[in-house]
Amino acid sequence: MRVGIVSVAQTPFRAYPQWRSHELTYLAVEEALRRAGLPFREGYDEIVTCSSDHWDGKTLSDIEHGEVSGAHLGPGEEKVSMDGANAVLLGFIKILSGHAEVVLVTAACKEMDVLDPSVIENFGFDVPFQQSLGLDFTQAAALQAVRFMHRYGLKREDFAEVVVESRNRAKTNPFLSMEGDLSLEEILGADLLAYPITRLDRRPPRDGACALVLAKEDRARQLTDRPVWIKGVGSCYEPHNLGDRDLSEPQALILAAKDACVMAGIEDPARGVDLFEISEHFSYQQLLWIEGLGLCPRGRSGELLRSGKFDRTGDLPVNPSGGLLGGVPRYVAGANRVIEAFYQLRGEAGARAVESEPKVALAHGTYGPAGQHHCVILLERGF
Amino acid sequence: MARRTAIVGVGQTFHRSRRPDVHIGELCAEAVKAALEDAEIHVRDIQAFVTGNMELFEGRYVQDMWLADWIGAVGKPGIRVTTGGTTGGTLASVAFELVASGLYDLVLAVGFEKQFEGDTRAGLKTVADPLWIRWQTTGAIGYFSRQARYYMKETGAPEEAGAMVRVRLAAHARNNPHAHLRLDLESVEEVLKSPYLIPPLRQLDMCPTSEGACAIVVASEERAARMARRPVWVKDWTSVHKEAIYVRGGRHSVADLEMAASRLFRRNGIQKPMEEISVAEIYAPSTWAELEWLEAYGFCEKGTAWRLEEKGVFYWNREFPVNPSGGVVCTNPIGATGLIRVAEVALQLRGDAGPRQISRKPTLGFSSAWGGSGWTVAHLLSSSKD
C-alpha cells in the first residue's frame, strides 16, 4: 500500500506575542484542509498532533491543538511529544495499519514565550547523574561539536560557514524571517554560549505551526493529482549518558536512515536521493548529519560545503530552504523538513527550488541532547 | 486492518503511593522485565518501543531520553505519545498500529507514573485553559464530585450506591497482588464513614495517586504463533475526544464514552454488549463514574447501573465482571493506568488472572482509558482469532 502527502501548510515563523499556540495551529489546519478540499472535521479519520506541554506551559496541550484540528466528537486524536517528523511517521503508520485512510498531522510550538529554555532542557537529563551537572542541550551539543572537531581537525570557521550559507538561503524562504548579512568574523565573534557554539551557531527560537494531510493511495489520488509518496521511514535512540556515546558517531541517524532506505529500496542515499532537508539545531550538526547520512567521506563535509556540493545548484542539495538555522520552532522542526521536501518535489519551492527537478527527497528530524533520537522520512514525487 | 495483531506478554510493577526504592528508569525496567518474562523473550527481540506518561507530573522533560537505556530501546526505533489520562490506552493503540502496519513484528509499549516526584495537582491545574477557567479549577475532585451529584440527581441513586461499588472494588483488589489499595472494606457502612472530599464524593470514592508502571508485548500473527503464551487477539480500537471549549459552562456530557463504545460495537457487530462481552476493565477514576460510564458505554440502560450493582451483577464471579482487578479506584499510576486495563483484560482472556480470574468463560474483553477534557480510548480484545 502506498501512503501519500496530499497537502501541507505552515505559518510564517516569527514572534506571535498576541497569539496562542493552538491559534497558530488552526491557521495551518484551515489552509491544509482547504488545499486538500476537505471540510473541517470531515473526510479524515485520525489526527496526530505534536506539541510540548512544557513549551505550551500547559498539561494536555493537545486539548487545544486537537480542538482546532477538529477532534471534538470526530476523528480520534493522538499527541506525539517528540520532534514533528515523528508525528508524520505516526500518521503514516496509522494509514499503513489500515486503521485510517486520511490523517491530519499538526505540529506547533511557541518557544519565544519561554524565557530560559535551558531550565526545561536540564530536566530532560537523568536525575542521578547528568541533570545535577546542570547540563542543557546547548552544552550537550558543545561537547558533541568539540569531539567532532577533535576527531577530524575541524575548525570553528567550518561551522560558521554553515551559518553564513543557511542565513543566505533563508532569505529566499518566505516562511522564515532572516534579514541582513553576517560575515564569518561576526559569527565567530558573537557571544559564546558554550565553546565552540556561539549565539549565532544555535537555531534561533521562533513561534509557528504547520499541518499536513496524509492519505492512502486511492484517497490521495482523489484529493490531489500531484501526491508525494512516503517511501520509507526509520527512527532510532542512542544511549542517554553522553559518556556512553562517541558523540562524533551519529549512530541513531545512521540506523534510522538505513531502515528508511531499506524500506524505500535505496542502496545509497548519496545516489538514490536528490535532495536533503535535515534538522541542524546547531551549525556543526549540519556537517555531522551530512556525514552520518553517508553523503561524503568522514571529516570532509566542511570542505565540500565550501566547494558548493551541497548548494541549491550543487549535485547533493542540502537544506536549500535555509534549514533550522534560518529560524524554525522546535517540535515544528522535523515536520517542517518534510513540508520543505514536499514543496521541492512538487516544484512549489519558489526562489529556493533546486534546479535538478528532484524525484526523491530525504527529510530528517532529531531531538534530545546531542541528537539522541533521529527520525528519517523518504519521499518520492508521485506524478 | 492490514495485519492481525495479538498481545503476547504483559507485565506490571507493584503500585504504591511512593516507590522510593526505584527511580523512573528502574520502575519502567521492572514492568518491561515482567512483560518480557511473561512473553519468554529477550529485550533484543523487540523491534520498536512506545512510551508515555503525563508530561508534566514528574516535573521532568523528554523522559523517553533517559528511559531509552532502561527499557532496552537504544539502537531501536521508538515513539512517545502523551495523551494525558488516556496515555496508557493510546500506548496500546499505537503499539497495535505499529505491528498492524507491517513494519514491525514485535513491539513493546510501556507506560508509567511516579507522581510523588512532582506535583500532580499543580500539573493537573494547568489542564484548564488559562484564559477562561484556570482560576476556578480544583483538579479531578471538583469534576468528579459534580459528576456524582449529577448521577444521583438523574437516576435517584442513594449515597449507598457509590459505597456498594467501593465494596466490590475492594473485594476485587484483595484478589490482585499488584493493586495499590487492598483494603478490608466489607460493608457499605464502612465506606460511608469515609470523609467527604467535596460532597457527595468521599475519599474512598476517589482513585489514589499511585507510582507504578505497566508494559505489554504486541506481536504480528506469524510471530504470535511462535510465542510461549496463548495470544490474545486485538479486534479493534478507537479514540474519541470531547474538547474543552464545548464542555465549558458546566453542562455534563458523556458523549465521548458513548461514541467510543458504540463505534467499537457497531464496527464489530456487537448487539448486546453485556451478553457478548465477558469482561470489562474500565478507566473510571471514581465509584460514581463507574456507574454512570457503564451506562454510557451501553452495557446497561440509563439509570440502571446502580440497581445492577445492588444485585451484585458486576462481581468477578457473577454475570458481568467489571474491573476484576480492583480498577482505577484502587490503583492509578496515570500513564500506566490505561495500559493496565488492557493488560488485565489480556490476562483474563488467557485465563491467567489467578485469584481474580472471572468465573464466566472469557471470549471477548473491553478495556477503556479516559482523560483530557473528556476523552476516551477503547479497545476490544478477543481470545479467538476471528
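Visitor: Which domains does the assignment give for chain A?
Guide: Chain A gets domain 1 (3-114 + 205-223) and domain 2 (116-203 + 226-383); such bounds come from an automatic or database domain assignment. This is a predicted model, where local features need pLDDT of at least 70 and side-chain atom pairs count only at pLDDT 80 or more, while totals for chains, interfaces and linings use all residues. Residues are numbered from 1 along each chain as its sequence is written, and chains are lettered from A and ligands numbered from 1 in the order in which they are written.
Visitor: How far apart do the C-alpha centres of those two domains of chain A lie?
Guide: The C-alpha centres are 23 Å apart. Where the domains of chain A touch, 36 residues come from domain 1 and 35 residues from domain 2; two residues are in contact if their C-beta atoms, placed from the backbone, lie within 7 Å.
Visitor: Which element gives the largest share on the domain 1 side in chain A?
Guide: That's H4(A), with seven residues. Helices (H or I, at least four residues) and strands (E, at least two) are DSSP runs, numbered from the N terminus. By class, that side of domain 1 of chain A has 22 nonpolar, eight polar and six charged residues. Here Ala, Val, Leu, Ile, Met, Phe, Trp, Tyr, Cys and Pro count as nonpolar, Asp, Glu, Lys and Arg as charged, and the others, Gly among them, as polar.
Visitor: Switching topic, how many residues does each chain put into the contact between A and B?
Guide: Chain A brings 47 residues and chain B 52 residues. On the chain A side, helix H3 (62-67) and strand S8 (228-237) are among the elements that each supply at least two residues. That side of chain A divides into 19 nonpolar, 17 polar and eleven charged residues.
Visitor: And chain B, what are its domains?
Guide: Domain 1 of chain B is 5-120 + 210-232, and domain 2 is 123-207 + 234-382. There, 41 residues of domain 1 are in contact with 33 residues of domain 2. H3(B) gives the largest share of the domain 1 side, eight residues.
Visitor: How many helices and strands does chain B have?
Guide: Chain B has 15 helices and eleven strands. Its radius of gyration (over C-alpha atoms) is 19 Å, close to the 21 Å that the globule rule (2.2 Å times the number of residues to the power 0.38) gives for 386 residues, so chain B is as compact as a globular protein of that length. Buried residues make up 64% of chain B; buried means that 20 or more other C-beta atoms, placed from the backbone, lie within 10 Å of the residue's own.
Visitor: In what order do the nine strands of the open sheet in chain B run?
Guide: The order is S3-S2-S4-S7-S1-S8-S11-S10-S9, with mixed pairing; two strands pair if DSSP finds at least two bridges between them.
Visitor: Why is one side of S3 and of S9 in chain B left without a neighbour?
Guide: Strand S3 (78-80) and strand S9 (279-281) of chain B stand at the edges with a single partner strand each, so one side of each has no neighbour in the sheet.
Visitor: In which sense do S4(B) and S7(B) pair?
Guide: They pair in the antiparallel sense, over nine bridges. B:Phe112 stands opposite B:Ala213 in S7(B).

Note on methods. Buried ≥ 20, exposed ≤ 12 C-beta atoms within 10 Å, placed from the backbone.
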